[in-house]
Amino acid sequence: MNSFFIEFRDPLFSIIIFFSIIFTITFFSYWWNKYKRTEDSKYLDKFLKQFASLPSKDELKVLISSGDISEKSWLLLAHSYYKSGNYEKSIEIYNEILNICNSKNRLETMFLLGKTYLKAGFLERAKQIFLSILKTNPRTPEALKSLLLVYEQMRDYKSALDVLEPLDELNEDISLEGNYLRVMAILNNDKISQDEKSQKLLYIYKTSHQLVYMLFEYLFLHNPTLAWEHFDHSKSELLCDILWKIEPKDLNLDIISQNGYLRELYSARGDVDLAKSSSIFELDVLIKLGGKAKATLNFEYMCDDCKIVHPFAFHRCPSCHTIDSVHVECQLSKDFYKDIGDENNSFQ
Ligand SMILES: [Zn+2]
């Protein structure tokens, strides 16, 4: 026994005990941290899974009818689905809100549902929603404007023009909308000839001086002689992409030689040699290149109202629905057609 106590009191024994305690504490601390990390990770995964999968229609029904979350929050959620392009989920939420008998935001929800139907392309449903809003609230300009858009997309221009009447009574400016719808009705009328269409469009231009881009796009494509005859020199830059695409045989050299911008534009394209430089960078580069490089002009279309740029021309902005707000911007690009032309020539 004595020998044991002597060893127990040995300093070496104390050191061993000390390190054993440190090892045990470190081991448990390490194990506990690892266990906590695994538990936290499991909780996080479970939490994130709730957001990864969208609530089903039945789940939405239970959640919305329970009233645990305010209607405003549901409207915000539906709007965020709308913004991200998930119209189906957005429509489900609006419909469930409308199913609540004493909904406080009934009219607002109906309007948002109609807008979502319109955006998703359910035109008949959108029409029914806006008509039902107007039945109880006929003096609602936003609902009238949305109904007009629905009729326009349905190509029912007569009904769209009828909507302008109540808008006029509400002191809304309907002149541009009216002319735009009349032009759309002419363009989509298969019963009248191209010449008749050109004359009708020209009449609208002469009497309103609106929709220059839209009208001259048609005229230069189908009746270039008439278009040049009524060409407004001050609109040259607005129509630059239309002018750039005119066939060489349809050019009016008398008019081109009288207009500084046209001289530069067609010198840049290589049809004439009437300008040595241009204040517009893109045209100046093309004039200086003199057709020695495979370069041409490309066009982008910006809405003057919402400033969103589109790769194609539009007459009613696809984003903000403003009419006649297109602003054409040109940029230099590689001429791929010249490549194809050269390749075809090489086989000859
Ligand atoms: Zn716009």
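The legends below describe close-up views of a predicted model.

Residues are numbered from 1 along each chain as its sequence is written. Because the model is predicted, local features need pLDDT of at least 70 and side-chain atom pairs count only at pLDDT 80 or more, while totals for chains, interfaces and linings use all residues.

**View 1. The open sheet of 3 strands.** The strand order is β2-β1-β3, with antiparallel pairing. β2 and β3 stand at the edges with a single partner strand each, so one side of each is left without a neighbour in the sheet. Strands (E, at least two residues) and helices (H or I, at least four) are DSSP runs, numbered from the N terminus. Two strands pair if DSSP finds at least two bridges between them. Strand β1 (residues 295-303) is joined to strand β3 (residues 326-334) by 9 bridges, and Glu300 has Glu329 in β3 as its bridge partner. Between β1 and strand β2 (residues 309-310) there are 2 bridges. Tyr301 is the bridge partner of His310 in β2, and Met302 that of Val309 in β2. Strands of a sheet pair through backbone hydrogen bonds, either parallel or antiparallel.

**View 2. The turn between β1 and β2.** The two strands form a hairpin with 5 residues between them. Lys307, found in the loop between β1 and β2, has a positive phi of about 65° although it is not a glycine. Most residues other than glycine have a negative phi, and most peptide bonds are trans. Lys307 counts as exposed because it has 11 C-beta neighbours inside 10 Å. A residue is buried if 20 or more other C-beta atoms lie within 10 Å of its own, exposed if 12 or fewer, and partly exposed in between, with C-beta atoms placed from the backbone.

**View 3. Packing of α11 and α12.** The axes of α11 and helix α12 (residues 212-222) come within 10 Å and cross at roughly 145°. Axes are lines fitted to C-alpha atoms, for helices over the stretch in contact, and angles run from 0 to 180 degrees between N-to-C directions. The crossing is left-handed, a term used if the near helix is turned anticlockwise from the far one by less than a right angle, right-handed being the clockwise case. Gln194, Ser198, Leu201, Ile204 and Tyr205 in α11 meet Leu215, Tyr218, Leu219 and His222 in α12. The residues of this contact divide into 6 nonpolar, 3 polar and no charged. Here Ala, Val, Leu, Ile, Met, Phe, Trp, Tyr, Cys and Pro count as nonpolar, Asp, Glu, Lys and Arg as charged, and the others, Gly among them, as polar. Two residues are in contact if their C-beta atoms, placed from the backbone, lie within 7 Å.

**View 4. Loops at the two ends of α11.** Ser193 is found in the loop between α10 (175-187) and α11 (194-208). Ser193 is exposed, with 8 other C-beta atoms within 10 Å. From Ser193 to Ala295 the separation is 102 residues in sequence and 38 Å in space, C-alpha to C-alpha. His209 lies in the loop between α11 and α12 and has a positive phi of about 55° although it is not a glycine. With 12 C-beta neighbours inside 10 Å, His209 counts as exposed.

**View 5. Helix α16 and its surroundings.** In helix α16 (residues 260-269), 7 of the 10 residues are buried, so the helix is largely enclosed by the rest of the structure. The buried residues are Leu262, Glu264, Leu265, Tyr266, Ser267, Ala268 and Arg269. They pack against α14 (240-244), α15 (253-258) and α17. Gly270 follows α16 and has a positive phi, near 95°.

**View 6. Leu134 in helix α7.** Helix α7 spans residues 123-136 and includes Leu134. Leu134 is partly exposed, with 17 other C-beta atoms within 10 Å. Not counting residues up to four places away in sequence, Leu134 touches Thr140, Ala143, Leu144 and Leu147. Leu134 and Leu144 are 10 residues apart along the chain, and their C-alpha atoms are separated by 7.6 Å.

**View 7. Domain 2 against domain 3.** The assignment, which is automatic or from a database, gives domain 1 (60-172), domain 2 (178-232) and domain 3 (294-348). In domain 2, 5 residues are in contact with 4 residues of domain 3. The residues on the side of domain 2 that touches domain 3 divide into 4 nonpolar, 1 polar and no charged. The C-alpha centres of domain 2 and domain 3 lie 22 Å apart.
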